[in-house]
Amino acid sequence: MGMTFAERVLARYAGKDVVVPGEIAVVRPDHLLTHDNTSAIIGKIAPELEKYGVVSPSMPIVVLDHVTPASDTKTATGHKKVRDFAKQHGLKNFYDVGEGICHQLVAEQGHALPGTIVVGSDSHTCSYGALGCFATGVDRTEAASLLLTGETWLRVPRTIKINLTGTLPHRVGAKDLVLTVIGALGADGATYSAVEFHGPGAASLSVEDRLTVANMGIEMGAKIAVFQVDDKTRAWLAERAVDPTAWQEAWADEDAVYERELSFDLSALVPVVALPHAVDNVHPVSEHLGLEIHQVLLGTCTNGRLSDLRAAAELLRGKRIAPSVRFLLLPASRTVLKEAMAEGLIQDLVEAGATLLPPGCGPCLGAHQGVLAPGERALSTSNRNFRGRMGTRESEIVLGSPQTVAASALFGVITDPREVL
Amino acid sequence: MKVWRYGDDVNTDMLFPGKYTYTCSTADEIIPHLLEDLDGSFSGAVQAGDVLMVGRNFGCGSSREQPALGLKAVGIQAVVAESFARIFYRAAINQGLVLVECPDAVRAYKPGDTVELDVERGLVTVAGEVYTFPGLPPQILAIRDAGGLLNYAKAKLAAREG
């Protein structure tokens with residue numbers, strides 16, 4: 001009997017020939033990602049860190065990104081604590097304020113490699129499945145334990161196979177694909193399962209598209225969401241000077257056993273939005289044209305990469321957004337920002353009316369830099385539209401693709417990007 | 001003992017708003033905001049021994065552990081759900097918060113029904129009717145019995161030093 005991707009990787013890390021769903025695999029992940037919450041994590045184990053130290057200086061990846069630059073004295077103090085911790089323990093992978101969003105950095109700095117295991121104290125750690133990495137989120141207490149011991153347990157998940165055919169139509173994005181999948185599966189449709197993306201449609205997606213899709217695996221409840229490594233993945237990693245001998249690719253066998261199979265034709269997809277207050281409340285844009293919006297957010301770990309900014313700039317270049325809309329632009333990293341500047345995309349978007357925010361998480365979690373007032377509605381390329389997430393429970397968040405966000409910013413209402421000249 | 005009944009897809013932003021996640025980490029800081037965007041009356045009225053009876057996918061969304069930590073700190077006896085989201089499930093194990101996955105019991109429950117729990121034997125009784133739920137694997141019970149993951153890890157480190 002063949003093995004799924006998750007079974008193969010977990011068996012390898014548990015030192016076994018075979019593992020089966022439901023079994024507990026004790027593993028030592030290659031990396032643990034923590035962010036601003038590092039401060040709270042190390043606070044739980046201060047005496048033990050003093051006594052035993054960190055399990056290895058190259059295992060943790062620490063990124064300050066969630067409330068950056070610091071919004072008040074309390075967050076600034078937390079950042080300082082994290083900075084001091086990184087220095088004291090000689091951490092090899094520390095990224096300070098302004099470098100970017102943790103998930104973008106882990107991917108673009110070559111920390112998430114095919115066939116390896118990365119866990120993180122953030123639910124969107126599942127993003128690195130785009131690179132064929134077994135990546136999943138854990139809580140702060142687990143992160144604290146991992147810093148000390150380097151070891152954790154993972155229940156071997158069952159796997160859902162999603163077959164993709166076709167190619168994305170003009171102005172339909174990977175975000176439309178993943179929202180469509182979540183709408184079909186439901187917000188708990190993949191709870192505790194692994195999700196594998198297969199087929200020529202998966203191969204047709206760029207690595208950046210795959211990062212968008214895998215990022216939202218958690219929004220269907222998945223433990224991991226993973227794509228097969230191909231020449232696109234290898235080229236993407238090679239461009240980032242990652243040593244190809246540092247990983248061992250893994251993929252599912254032809255005869256692997258799945259709990260469920262679904263198929264989607266990319267060519268048949270249309271622009272969609274997730275309406276308040278659930279990510280699986282997915283509807284075609286064409287059914288909600290004219291819904292008023294007060295703020296748009298382009299960026300985040302879901303859609304803050306170069307191709308996302310390009311897709312928006314293509315619609316906004318030489319134009320001006322509606323005066324009733326505030327347009328927040330949030331590149332995923334300093335590298336993305338620099339590349340977008342070199343291409344003139346930042347110029348295009350700022351001239352169209354965008355307010356450029358520093359690379360980081362910013363308004364996505366309602367901490368600062370663009371919270372909503374009661375009665376306001378945002379259209380965002382981020383990954384969650386939960387009630388209250390952008391600051392107050394009396395506001396609404398609609399999720400859409402960079403294309404839909406750009407088109408809608410022009411008119412101040414939900415707009416089908418395919419209809420914009 | 002009060003039973004707090006909530007529906008499906010209760011996410012971690014409703015259980016503990018994201019805007020507080022980087023300024024509130026301790027039980028004292030968390031409790032005033034616990035379930036703030038789900039039920040404003042909860043944190044002022046909850047008492048040790050109370051039970052949560054909830055629908056599918058409880059705790060979905062962010063990996064923040066404040067909901068599990070806070071529910072444990074106020075003395076919630078158990079959260080009985082149709083199903084749990086996976087990171088919340090781990091967080092609860094790591095905090096020593098008791099979770100019971102028993103969809104039949106949740107579906108049978110009506111406001112005012114009595115609820116009794118016997119976690120060791122895997123039984124939940126709703127209005128006199130007994131429902132069973134599966135036990136946890138030994139690796140997980142070891143974490144629970146140590147009083148949560150950190151105690152478990154610390155004991156392991158101390159033993160290694162021996």
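In the predicted model, Arg5(B) stands opposite Met53(B), a residue of strand β2(B). The strands β1(B) and β2(B), the latter spanning residues 51–54 of chain B, pair in the parallel sense over three bridges. This pair belongs to an open sheet of four strands in chain B, in which the order is β1-β2-β3-β4 and the pairing is parallel. At the edges of the sheet lie β1 (3–5) and β4 (99–101) of chain B, each of which pairs on one side only. When direction is ignored, neighbouring strands of this sheet are turned by 20° against each other on average. In general, the strands of a sheet pair through backbone hydrogen bonds, and they may do so in either a parallel or an antiparallel sense.

Helix α14 (residues 345–352) of chain A has a set of buried residues, made up of Leu345(A), Ile346(A), Asp348(A), Leu349(A) and Ala352(A). Because these residues cover an arc of only 160° around the axis, they lie on the same side of α14(A). The elements of chain A that cover the buried residues of α14(A) include the strands β14 (295–299), β15 (326–330) and β16 (354–356), together with α12 (306–316) and α13 (334–342). Just after α14(A), Gly353(A) takes a positive phi of about 125°.

The cysteines were examined as well, and a search of the whole structure finds zero disulfides over all chains. Cys102(A) is in no disulfide, and the nearest cysteine sulfur, that of Cys361(A), is 5.8 Å away, whereas a disulfide requires a pair of cysteine sulfur atoms within 2.5 Å. Cys102(A) counts as buried because its relative accessibility is 0%. Cys24(B) is likewise in no disulfide, with the nearest cysteine sulfur, that of Cys361(A), 18 Å away. Cys24(B) has a relative accessible area of 8% and is therefore buried, given that the term applies under 20%.

Note on methods:
Residues are numbered from 1 along each chain as its sequence is written. Chains are lettered from A and ligands numbered from 1 in the order in which they are written. This is a predicted model: local features need pLDDT of at least 70, side-chain atom pairs count only at pLDDT 80 or more; totals for chains, interfaces and linings use all residues. Side-chain values use heavy atoms; hydrogens and water are left out. Buried means under 20% relative accessible area, exposed over 50%, partly exposed in between (1.4 Å probe, protein chains only). Helices (H or I, at least four residues) and strands (E, at least two) are DSSP runs, numbered from the N terminus. The arc is that of the directions from the helix axis to the C-beta atoms. Contact means heavy atoms within 4.5 Å. Two strands pair if DSSP finds at least two bridges between them. Axes are lines fitted to C-alpha atoms, for helices over the stretch in contact, and angles run from 0 to 180 degrees between N-to-C directions.
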